[in-house]
Every structure is written in structure tokens, then in C-alpha cells.
Amino acid sequence: MWCNGVVANGMRREASILHVDMDSFFVSVELLDRPELVGLPVAAAHDTQRSVVSSASYEARRFGVRSAMPVARAKQLCPQLVLVTPVFEKYRVASRKIMEIFREFTPLVEPLSIDEAFLDVAGSLRLFGSPIDIARQLRARVRDETGLPASVGLAGTKFIAKLASQRAKPDGILEIPPARTLEFLHPLPIGAMWGVGAATERALKSRAIHTVADLAREPLDSLRRIVGNASAEKLHELANGRDSRGVETTRIEKSIGHEETFATDITDRTMIERELLRLSTRTSERLRDAAIEARTIAIKVRWDTFETFTRSRTLPEPTNTTQRVYSTARELFESLAPADRAMRPVRLIGVRAEQLVDAGSGSNSLWNEDEQWQAVDSAVDEVREKFGASGLTSARLLGGRDEVVDPRSLQDPG
């Protein structure tokens, strides 16, 4: 076990930031109702050729089964894999209970997803003891009250706490005292860093940067030439153990969007445009409900070959109007699938609003091109408020939708 240390330069003296990550969350919840499956390779997934794995037990992971993997591939890797149908409402109920337990130890809780959160326990030490004591008590409470396992990482920064929780899995605790941050961090491969995806990792390795220590030693000017200005500065700070972010109890969404997976691949352009309108409508309604606007609209398209492409456009003025979101999404799709060519079969399509700002705060124009559409949206929103989401919709959306199924958007990386 690591020992607490004292560090200078204003860094925390104790590892009082916790990252709690539930282990194989969806599967663990299902095993509460199916105890006979404990110890077997289990995955939460619909048993169809088009489905993907939402969560896999550690026994299944030993065969290479992972979340977001197609079920057909998972069965090839693990023929004895047991599939349980995911019930997402059960996971939401369990998540709410877990977050309630977290808040009994500290009000400073920042949920990251349905099954993980950061906690700042610096103000709770007199009540509950040292950070490691709090981590042990918290895991015991979660286990006693929900029956679910959790892994906890403790550190002086959010970045290191998250890395620690991943190395504590499954069902463990790892404390990294601030004084020993670099001792823990620098031997790790660069792929462990936030912001280092496959392409960035290849670029760094091509310059003989293989470990976090290599990254920390690389001159910032050189790093800028490899990965660009913004990424270089962030990676340089993290590689040197510096992360000034605090635990945020109120999280501002960075993007809002929806996507749809089709039951059968779609080659009908009219059907795709209708789906883009439906997704744009849902996305813009959420923007207006939150009183925010988007500077950027993006789409995601997955072809029948599983190739996935994204396209985005930053608008002259931020918007939350349905028509502007839809027209932009449609134009982005046409850039991928020109109307004068045969359309490739589409497996999934999504619309996302990004670079969010408070409504009205990002406009510099003397006139508003979306003013008429805002009036239409306001009328639609009034009907929604009075009669519910089904009270009013676009005429183009009144056709049957037997061709599409709701996406299995929740995935459990733990």
C-alpha cells in the first residue's frame, strides 16, 4: 500500500480526490437476479446479429469480449458466453442509489456516467477519517446496500485518481499519494494518457515517445509540432502530474445529441432524411429546454461495413432551432453521400450539437436569420409543455418507423 506524503507547490497533501468506478456494472446488476451465473462468462446484450455488447463480466473479458463489440464477434471469441437481456431502468435505479451513498460522505460528487464519479473528500476527513478509510467505508456501504462491487482510485488530482481506479479493478482500492504521483505515472505507456487515441499514439511513438516519462521530457515546442498546440499543452501538463481541475458538482454538458441504429441497413435517402429530421428535432428540443445553443452541428454515419464517419460544421451564429439543426445535418450527410450517387447502406446515423453556449450569449448579428423558425419552435414547445412530446410533430415524421429500433446507447466500460 502506498503511504501518504507531503508535497510542495500548493498541491494537496493527501490523496483526497476519489474516482469510484463500478465493476462490470450492467452485468453485476443482472447477476443480483441471476446468482447462478456468478463466475461464468456473461455479457449484457440483446441476442441478435445486429446487437453489441453493453457490458461484459471479467470472466468474459479473459476471452477478449469487450463492451461495444458486436455480439456475433463476442460469441466467436467465447462460444460459452451467456447473454442476459439488458434492462436499463434497473441500472438507472441502482445508479441513483449509489450516487446517494456517495453524497452521504461528501457533497462534492461529480458523476461522469451512470456508473462512475469523482468525489472530493478533503472536507470529510474529520467525520470519516483518512481518504483511504473513506474509500473502504464507501465500498463497504455500496456492497452492503446494493450488492455491487466497486473499484476506487485515490490521488491528489482527478487524472491520477481515474488511472488508479482502472488499476484497482476488479473490486479493489489503489491510493497514489501526491508525493509519489510521478513515480506512479511516468512508467505508464502513453496510451494510458487522456487524449491519446490511436492516431496520436502512433504519432508519438514515431518520435520515440513510448512512456509518460518520455512525454514529460519532450520539449513543448517539439510536442506542438507532433500533436498541435492545444493537445501539446494539455498532455505536457498531465504527463508532469499537473491537473488543476476540481470536482464539479454541476456539470455543463459539452454536447447534446441522439443517434439511431437501424434493424436493417437503409439505402432509401428519403428515410434517412426523415430520420435526420427526427433526431434534429429531439436534439434541438433538448437545447431549448436547457436554454442553450450550439455553435457546431455534427453527424455520425456508420455504413454496413461498420466504417464510421463524422462530419461537423461550425455555424456563423449559434442556434437551437430545429430547422437550422436539420438543414445543417442534411447538408453534412450529403457531403458523405452525394445525391447524384447510389447511397451506401446505412447502419447507424446520429445528430449532435456541440460547442454549447447560453441562449442569446453567442450572437453578434444585428438581425437573426432564424427568427421565423424560432417562432415556430416556440409554438411547438408550448404544445409539448401542455400535451406532452406527442402533442405536435412534423408531418414528415408521421410515417411508420418499423424499420428502426432504439439505439443501445448505454455502454458500460467498467
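The entries below follow the order in which I looked things up.

**Ground rules.** I am working from a predicted model, in which local features need pLDDT of at least 70 and side-chain atom pairs count only at pLDDT 80 or more, while totals for chains, interfaces and linings use all residues. I number residues from 1 along each chain as its sequence is written, and side-chain values use heavy atoms, with hydrogens and water left out.

**Aromatic rings.** I searched the whole structure and got 6 aromatic pairs. I took a pair to be rings of Phe, Tyr or Trp (its six-membered ring) with centres within 6.5 Å; planes under 30 degrees apart are stacked, over 60 edge-to-face, and the rest tilted. I looked up F88 and Y91, an edge-to-face pair with 5.8 Å between centres and 80 degrees between the planes. F88 and Y91 are about one helical turn apart because they sit 3 residues from each other in helix 4 (residues 88-105). I use helix for a DSSP run of H or I of at least four residues and strand for a run of E of at least two, numbered from the N terminus. Both F88 and Y91 are buried (under 20% relative accessible area; exposed is over 50%, partly exposed in between; 1.4 Å probe, protein chains only). I also found F25, F26, F88 and Y91 in one aromatic cluster.

**Charge over a ring.** I noted R61 over the face of Y58, 4.4 Å from the ring centre. The test is NZ of Lys or CZ of Arg within 6 Å of the centre and within 35 degrees of the ring normal.

**Helix crossing.** How do helix 13 and helix 14 cross? I read their axes as coming within 8 Å and crossing at roughly 140 degrees, for residues 269-289 and 322-336. Axes are lines fitted to C-alpha atoms, for helices over the stretch in contact, with angles from 0 to 180 degrees between N-to-C directions. The two helices are therefore oblique to each other (under 35 degrees is roughly parallel, over 145 roughly antiparallel, 65 to 115 roughly perpendicular, the rest oblique). Residues making the contact (heavy atoms within 4.5 Å) include L276 and L277 of helix 13 and Y326 and F333 of helix 14.

**R347.** I placed R347 in strand 12 (residues 346-358), buried at 6% relative accessible area. Its C-alpha atom is 6.0 Å from that of T261, 86 residues away along the chain.

**S16.** I found S16 in the segment before strand 1 (17-22), buried at 4% relative accessibility.
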